[in-house]
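Reader: I would like to go through this model term by term. Please set each label against its cut-off.
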Amino acid sequence: MSPWFHLGFALYLLNLLVGLAAQLGLGPFGLWHHLLYLGVFLGTLAALAASREAWLWLTVACLALFPKARPRTWLHPTLGVLGLLGYLLALRG
């Protein structure tokens, strides 16, 4: 796997953890979670371009739908988990 894949995956995991911390009320991480989203999106696009793993399209699609998914709704964490699944399936390939 390329370093871009690892960077994109690491940013994705970091954003999942920050979002989970915000959801659990462990601190005011909501702003950081949303700022990190841009880096995650760009990192995932770089990972896709470098690795050409088809499963990353699932992650890109989930990230593209996030603006429609309000925080604290069922869709927000569902998209997060599905996007993670895209990365995990790409690791297998």
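Reader: Which helices do the buried residues of α4 pack against?

Author: The buried residues of α4 pack against α1, α2 and α3. The model is predicted, so local features need pLDDT of at least 70 and side-chain atom pairs count only at pLDDT 80 or more, while totals for chains, interfaces and linings use all residues. Residues are numbered from 1 along each chain as its sequence is written, and side-chain values use heavy atoms, with hydrogens and water left out.

Reader: What makes a stretch of the protein chain count as a helix or a strand?

Author: Both are DSSP runs numbered from the N terminus: a helix is H or I over at least four residues, and a strand is E over at least two. By that rule the protein chain has four helices and zero strands. Their order from the N terminus is α-α-α-α.

Reader: How do you know that the length of α4 agrees with what a helix should span?

Author: The expected span is 1.5 Å times one less than the number of residues. For the 18 residues of α4 this gives 26 Å, and the end C-alpha atoms are 26 Å apart, so the two agree.

Reader: Why is H33 called buried?

Author: Buried means under 20% relative accessible area, exposed means over 50%, and partly exposed is in between (1.4 Å probe, protein chains only). H33 has a relative accessible area of 16%, so H33 is buried. Its place is in helix α2, residues 30–51.

Reader: What makes the pair H33 and N15 a polar contact?

Author: A polar contact is a pair of N or O atoms within 3.5 Å; within protein, one must be able to donate a hydrogen and the other to accept it, and residues adjacent in sequence count only if both atoms are side-chain atoms. The side chains of H33 and N15 are joined by such a contact at 3.0 Å. As for plain contact (heavy atoms within 4.5 Å), H33 touches N15, V18, G19 and H76, with residues up to four places away in sequence not counted.

Reader: Which residues of α4 are buried?

Author: They are H76, L79, G80, G83, G86, Y87, L89 and A90. L91 also lies in helix α4, but at 37% relative accessibility L91 counts as partly exposed. Beyond its neighbours within four places in sequence, L91 is in contact with M1, F5 and F9.

Reader: What does L84 touch?

Author: L84, in helix α4, touches F9, Y12, L13 and L16, not counting residues up to four places away in sequence.

Reader: What makes a set of residues a nonpolar core, and which members of the largest one touch the most others?

Author: The set must consist of buried Ala, Val, Leu, Ile, Met, Phe, Trp, Tyr and Cys residues joined through side-chain atoms within 4.5 Å. The largest such core has 16 residues, of which F5, L56 and Y87 touch the most other members. The elements giving two or more residues to this core are α1 (3–23), α2, α3 (56–65) and α4 (75–92). With neighbours within four places in sequence left aside, L56 is in contact with F5, A47, L48, S51, G86, Y87 and A90. In soluble globular proteins, nonpolar side chains tend to be buried together.

Reader: Why is R52 called exposed?

Author: R52 has a relative accessible area of 70%, so R52 is exposed. Its place is in the loop between α2 and α3. The phi of R52 is near 55°, a positive value in a residue other than glycine.

Reader: What makes G93 exposed?

Author: The relative accessible area of G93 is 68%, and therefore G93 counts as exposed. G93 sits in the segment after α4. Apart from neighbours within four places in sequence, G93 is in contact with M1 and E53.

Reader: How do you know that the radius of gyration agrees with a compact globule?

Author: The radius is taken over C-alpha atoms, and the globule rule is 2.2 Å times the number of residues to the power 0.38. With 93 residues, a compact globule would have a radius near 12 Å; the protein chain has 13 Å, so the value agrees. Along its principal axes the C-alpha trace spans about 35 × 20 × 20 Å.

Reader: How much of the protein chain is buried?

Author: Of its 93 residues, 37% count as buried.
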